Structure formats: structure tokens, C-alpha cells
Amino acid sequence: MRPVFVQFRCTPGKTYEVADAIYDREIASELYSTSGEYDLIAKIYIPEDQDVGRFLAEQLFDIPHIQRTLTTMTFKAF
């Protein structure tokens, strides 16, 4: 499994709805509210044989009230 972090900017006033929808899909291992440019950050484990962009697009990015996302890939360094 490959961990990636996805940050979400939500429509104002809709952050809790977006967070509930993410939890309902049982994809994120961790989900946090954040301050700054983005409203939420999720840690998601993606199977090694899956394309990251396609997986996220099909599993998450159709949730209403997501205005923008930022995906950070991780690499094994040690």
C-alpha cells in the first residue's frame, strides 16, 4: 500500500458535509481539520497496483462541495 496525503478546500460552510462523505466511503485512514489554505487533510493508502490519480478521482473527487485538492505523494526514503 502506498500512503498519500490529500488536502481539500471546501465550499464555505460545507466542510463538515465533505468530511462526513469522506468518512462514509471508508477510504481515509486518518482525516483532520486544518487551518490555512485547505480545510481538511486525509491520509489514504492506495494499493500498489492502482493508479493514484484514477483511484482518487473515482473514490473521492466526485464528493460535492470540494472546490480544490492537493495530493502529496510519499516515497520510502529509509
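Select Ile44 first. Leaving aside neighbours within four places in sequence, Ile44 is in contact with Arg2, Pro3, Val4, Val6, Ile27, Ala28, Phe55, Leu56 and Leu60. Contact here means heavy atoms within 4.5 Å.

Before going on, note that this is a predicted model, in which local features need pLDDT of at least 70 and side-chain atom pairs count only at pLDDT 80 or more, while totals for chains, interfaces and linings use all residues. Residues are numbered from 1 along each chain as its sequence is written, and side-chain values use heavy atoms, with hydrogens and water left out.

Buried means under 20% relative accessible area, exposed means over 50%, and partly exposed is in between (1.4 Å probe, protein chains only).

**The whole chain**

Now switch to a cartoon view. The chain has 2 helices and 4 strands, and from the N terminus on they run β-α-β-β-α-β. Helices (H or I, at least four residues) and strands (E, at least two) are DSSP runs, numbered from the N terminus.

The C-alpha trace spans about 40 × 25 × 20 Å along its principal axes. A compact globule of 78 residues would have a radius of gyration near 12 Å, and the chain agrees with 12 Å. That radius is taken over C-alpha atoms, and the globule rule is 2.2 Å times the number of residues to the power 0.38.

Of the 78 residues, 31% count as buried. Among contacts between residues at least 6 apart in sequence, 69% join residues at least 24 apart.

Select Arg2, in strand S1 (residues 2-10). Is Arg2 buried or exposed? Arg2 counts as buried, because its relative accessibility is 18%. Not counting residues up to four places away in sequence, Arg2 touches Ile44, Tyr45, Ile46, Pro47, Glu48, Gln50, Val52 and Met73.

The side chain of Arg2 reaches the backbone oxygen of Glu48 at 3.1 Å. Arg2 also forms a salt bridge with Glu48, with the closest N and O atoms 3.6 Å apart. Glu48 lies in the loop between strand S3 (40-46) and H2, and Arg2 in strand S1, so the pair ties together parts that are 46 residues apart in sequence. A salt bridge is a side-chain nitrogen of Lys or Arg within 4 Å of a carboxyl oxygen of Asp or Glu. The structure holds 5 salt bridges.

**Arg25 and Asp62**

Select Arg25 and Asp62 next. They form a salt bridge whose closest N and O atoms are 2.6 Å apart. Arg25 is in the loop between H1 and S2 and Asp62 in the loop between H2 and S4, so this pair ties together parts 37 residues apart in sequence. Arg25 is partly exposed, with a relative accessible area of 33%, and Asp62 is partly exposed with 47%.

**Lys43 and its partners**

Move to Lys43, in strand S3. Which residue does Lys43 form a salt bridge with? The partner is Glu30, and the closest N and O atoms are 4.0 Å apart. Glu30 is in strand S2 and Lys43 in strand S3, 13 residues apart. Glu30 counts as partly exposed, at 30% relative accessibility.

The side chains of Lys43 and Tyr45 make a polar contact at 3.1 Å. A polar contact is a pair of N or O atoms within 3.5 Å; within protein, one must be able to donate a hydrogen and the other to accept it, and residues adjacent in sequence count only if both atoms are side-chain atoms.

**Two loop residues**

Most residues other than glycine have a negative phi. Glu26 is not a glycine, but has a positive phi of about 55°. Glu26 is in the loop between helix H1 (15-24) and strand S2 (28-33), and counts as exposed at 72% relative accessibility.

His65, also not a glycine, has a positive phi of about 75°. His65 is in the loop between helix H2 (52-59) and strand S4 (66-73). At 30% relative accessibility, His65 counts as partly exposed.
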